[in-house]
Amino acid sequence: MSSDRLMRIHSTEFQEMAERVLRVTSLTSRLNALPFEDEEGRAGLMEQILGRPLPPGVTIYPPFYTDHGLRLELAERVFINQNCTFLDYAGIRLGARTMVGPKVTFITSGHPVDPEERRLYLTGAPIDVAENVWIGAGATILPGVSIGRDAVIAAGAVVADDVPPASLVTGTKAAVKRQW
C-alpha cells in the first residue's frame, strides 16, 4: 500500500494513471453489462481489473466501479453489494469478512484545498479496513482512513477520521472549518 502522496497532474505518473483509468473504465463497463449468471465472465473481467484472481469466497454484486483496480486488495470472504465505487489509486485494503453495503464509496485521491494548487496536483492516501467490518449503505470513506476490526459504519456516514476497533460510527453533518 502506498503512503500519503502528492502527484503533479502534468507528469508521466499522472499520464500512466489516466491511461489505466480509461482501460479499467472499459473493463468495468463490460463487467456491469454481463448477465448476472455469467460467473465465469465476471471472474475473468475482475481478474483483469484487479491484476489477480478474486480470493476465495469474495462476492461482488454489480454494478461495480473502480478507477484503477490494481491497488484494491480484497481478503477472503469480503462481500461487496451493488453500486459501490472504489477510487483506489493510493490503495484500498478490505480485511477478511468485511461487508460493504450498496452505494458505498471509497476515495483515496483528491486535490489540495488551496485554489492555486488545486489544478496542479492530486493528493492521495490509502484506506485500510480491518477484519470483520460492516459498512452500511451509502457510506463514504475518505483518503487516509483506517477502520479497526469489528467496527460498524452506519448507513450514510462520511468517514474522514480513523475508526477504533469495535465501535459504531454515524453522521454526515458538514461544517465550515476555515475560510479564505
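## Arginine 149 and its salt bridge

Arginine 149 is partly exposed, with a relative accessibility of 40%. In this predicted model, the side chain of arginine 149 meets that of glutamate 131 in a salt bridge, at 2.7 Å from N to O. Arginine 149 sits in the loop between strand E15 (146-147) and strand E16 (152-153), while glutamate 131 sits in the loop between E12 and strand E13 (134-135), so the bridge ties together parts that are 18 residues apart in sequence. Glutamate 131 also counts as partly exposed, at 30% relative accessibility.

This bridge belongs to a network: salt bridges with shared partners join Arg97, Glu131, Arg149 and Asp150.

## Other salt bridges

The structure has 5 salt bridges. One of them pairs aspartate 128 with arginine 93, at 2.4 Å from N to O. The two residues come from distant parts of the chain: aspartate 128 belongs to strand E12 (residues 127-129) and arginine 93 to strand E7 (residues 92-94), 35 residues apart. Aspartate 128 has a relative accessible area of 25% and is partly exposed; arginine 93, with 27%, is partly exposed too.

Another salt bridge lies between arginine 5 and glutamate 13, whose closest N and O atoms are 2.0 Å apart. Arginine 5 is partly exposed at 27% relative accessibility, and glutamate 13 is partly exposed at 29%.

## The parallel sheet

An open sheet is formed by 6 strands, in the order E2-E5-E8-E13-E16-E18, with parallel pairing. Strand E2 (59-60) and strand E18 (168-169) are at the edges; each has a single partner strand, so one side of each has no neighbour in the sheet. In general, the strands of a sheet pair through backbone hydrogen bonds, in either a parallel or an antiparallel sense.

Within this sheet, which strand does E5 pair with over 2 bridges? Strand E5 (residues 79-80) pairs with strand E8 (residues 99-100), in the parallel sense. Isoleucine 80 stands opposite valine 100, a residue of E8.

## Helix H1

Helix H1 covers residues 12-33, a run of 22 residues. From its first C-alpha to its last, H1 reaches 32 Å, close to the 32 Å expected at 1.5 Å a residue.

Where do the buried residues of H1 fall when the helix is seen down its axis? The residues in question are Met17, Arg20, Val24, Leu27, Thr28 and Leu31. They fall within an arc of 100 degrees, so they line one face of H1. Leu22 and Ala33, on the other side of H1, are exposed.

## The chain as a whole

The chain contains 2 helices and 18 strands. Of its 180 residues, 37% count as buried. Contacts between residues at least 6 apart in sequence include 32% that join residues at least 24 apart.

Along its principal axes, the C-alpha trace spans about 55 × 40 × 25 Å. What radius of gyration does the chain have, and what would a compact globule with 180 residues have? The chain has 16 Å, which agrees with the value near 16 Å for such a globule.

Methods
Residues numbered from 1 in each chain as written. Predicted model: local features only at pLDDT ≥ 70, side-chain atom pairs only at ≥ 80, totals over all residues. Heavy atoms only, no water. Salt bridge = Lys/Arg side-chain N within 4 Å of Asp/Glu carboxyl O. Buried < 20%, exposed > 50% of the residue type's maximum accessible area, 1.4 Å probe, protein only. Helix = DSSP H or I, 4+ residues; strand = E, 2+ residues; numbered from the N terminus. Pairing = 2+ DSSP bridges. Expected span 1.5 Å × (residues − 1). Arc of directions from axis to C-beta. Rg over C-alpha atoms; globule rule 2.2 N^0.38 Å. Contact = heavy atoms within 4.5 Å.
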